Amino acid sequence: MKEKIADIRGQIEADAGQLNSPEAVEAFRIRYLGKKGAVTLLFKELGSVDKADRPEVGKLINELRALTTEKMNGAAAQAGPIRSKDWIDLTLNGRRPAIGRKHPLTIVAEEFRQIFARLGFSVAEGPEVESDYLNFEALNIPKLHPARDMQDTLYISDELVLRTHTSPVQIRTMMTGNPPFRVIAPGRVYRRDTLDASHSPCFHQVEGLCVDKGVSLGDLKAVLSTFSKQMFGANTKVRFRPSFFPFTEPSAEMDIWWESSKGGRWLELLGCGMVNPRVLEGVDVDPAVYSGYAFGLGIDRMAMLKFGIDDIRTLFENDMRFLEQF
Ligand code: PHE
C-alpha cells in the first residue's frame, strides 16, 4: 500500500507540471479526486489495510489528497476558468466604433444650401442622364451649333447625354411650375475632359435660378456677393466680367479675390447672367412680364479653394489619409 501511495504521488507530481490550461486542470481533478479517481480509490482501499497500519496509511493518503488539492488550486488560479463557446471577457477594452465624417464636397454643398435657404431658395433636382433637348436645345444651344463645343460630353444615344451642367434643372423647374422661381440645383455633371489635377470627366455643380417680376442684374450681383462673403469670409471681394453663355443675356463670370502664400489674385468662381428671353419663351414664361437671373458653379472648385486642396483627383480616390482631414 505504501508503495502504491508513493507511485501515485510520483504521478501527481509529474502531472502537476503540465497543468497549463483550464481543461487540463479539470482532467487532473477527475483523474485523482473524481469518484473513481486514484486518490479517492485509495481511501476505499484503506478498509482492507491491517488495523495496526491504518492510522499511518490513512495519514499518508490524507497528505496525498492535500497535495493534490494544493497543486490543482495553484494551477487553476494560473489557468483561469474554463471558457465556454460563448464566453465573453468583460475585462477587455472596448473597440471604439469608427466615426464617419462628411466628404469635403458634402460639407461645401450643405453650406451652400444653407446660405441659399436663408436667401429664399429651395432645392431642385434632375437626372444625370438627361435629354439632349433639356441639356442643350432648351438652353438655346441648337444641334450642330458651335456653342456645343464648350461642353463636349458622353452620348448615351442621339437624344440622351450625361448632363454637362446643372442648367437643365432650370428648364425642368420652369416647365413644371409657375413663376416666381427661386431654386438651387446641386448635382453631378459630366464632360469629355481628360483627368488631371484640375480637370475631371465627372464633377459637381450647383445651379441657381431666380425668375420673378422686375428681377434685375442688380439682384444677381447682390445675391452672389452676399453668398461669396458668407462662404469665403466677410471681406471677400468679387468682380463681374462680361462673358457669354447661350442661355443668358447679358452673361458674366464672377471672380473672387483670393489671398494665398503666393500673394493675391482674381480667381474665376462662376458663370452667371440674366436668363435669355428665348429660354423663357421656350418654357412659356412671358419675358415681357418676367425676368430672371441664373448662375452655375463647381462644388469641387469651391471645396478646393475653401480647404486648400490642390488636386481634384483626391476628391474621388477615397484615400482615408485625405478624407480623415475634414
Ligand atoms: N451652365 C454653365 C456652365 O456649366 C454655368 C452657368 C449657369 C452660366 C447658369 C450661366 C448661368 O458652364
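1. In this predicted model, helix H5 meets helix H10 through Pro104, Leu105, Ile107, Val108, Ala109, Glu111 and Phe112 on the H5 side. The partners in H10 are Ile299, Asp300, Met302, Ala303, Lys306 and Phe307.

2. H5 covers residues 104-118 and H10 covers residues 299-307; their axes come within 9 Å and cross at roughly 100°. Angles of 65 to 115 degrees count as roughly perpendicular, and H5 is therefore roughly perpendicular to H10.

3. Helix H4 (residues 54-79) has a contact with helix H2 (residues 22-33), and the two axes cross at roughly 165°, coming within 9 Å. H2 and H4 are therefore roughly antiparallel to each other. The crossing of H2 and H4 is left-handed.

4. On the H2 side of that crossing, the contact residues are Pro22, Val25, Phe28, Arg29, Tyr32 and Leu33. Those in H4 are Arg65, Thr68, Thr69, Lys71, Met72, Ala75, Ala76 and Ala79. The contact of H2 with H4 has nine nonpolar residues, two polar and three charged.

5. H4 also packs with helix H1 (residues 2-16), at an angle of about 5° and with the axes 11 Å apart. The angle makes H1 roughly parallel to H4. From H1, the contact draws on Lys2, Ile5, Ile8, Arg9, Ile12, Glu13 and Ala16. From H4, Glu56, Val57, Leu60, Ile61, Leu64, Leu67, Thr68 and Lys71 take part. The class count for H1 with H4 is nine nonpolar, one polar and five charged residues.

6. The side chain of His165 has an N or O atom 2.9 Å from a nitrogen atom of the ligand. A nitrogen atom of the ligand also lies 2.9 Å from a polar side-chain atom of Ser167. For Arg191, the ligand atom concerned is an oxygen, at 2.9 Å from an N or O atom in the side chain.

7. Two cis peptide bonds deserve attention in review. One joins Pro179 and Pro180, with omega at about 5°. Pro180 is found in the loop that runs between helix H7 (168-176) and strand S4 (181-190). The other joins Glu249 and Pro250, with omega at about -5°. Pro250 lies within strand S7 (residues 248-260), whereas Pro180 is in a loop.

8. Asn140, which is not a glycine, has a positive phi of about 65°. Asn140 is located in the loop between helix H6 (132-135) and strand S3 (160-162). Asn318 likewise has a positive phi, near 55°. The position of Asn318 is the loop between H10 and helix H11 (320-323), and H10 is the helix that crosses H5 at roughly 100°.

Notes. Residues numbered from 1 in each chain as written. Predicted model: local features only at pLDDT ≥ 70, side-chain atom pairs only at ≥ 80, totals over all residues. Heavy atoms only, no water. Axes fitted to C-alpha atoms, helices over the stretch in contact; angles between N-to-C directions. Helix = DSSP H or I, 4+ residues; strand = E, 2+ residues; numbered from the N terminus. Parallel < 35°, antiparallel > 145°, perpendicular 65-115°, else oblique. Left-handed = near helix turned anticlockwise from the far one by under 90°. Contact = heavy atoms within 4.5 Å. Nonpolar A, V, L, I, M, F, W, Y, C, P; charged D, E, K, R; others polar. Polar contact = N/O pair within 3.5 Å; in protein donor to acceptor, adjacent residues only side chain to side chain.
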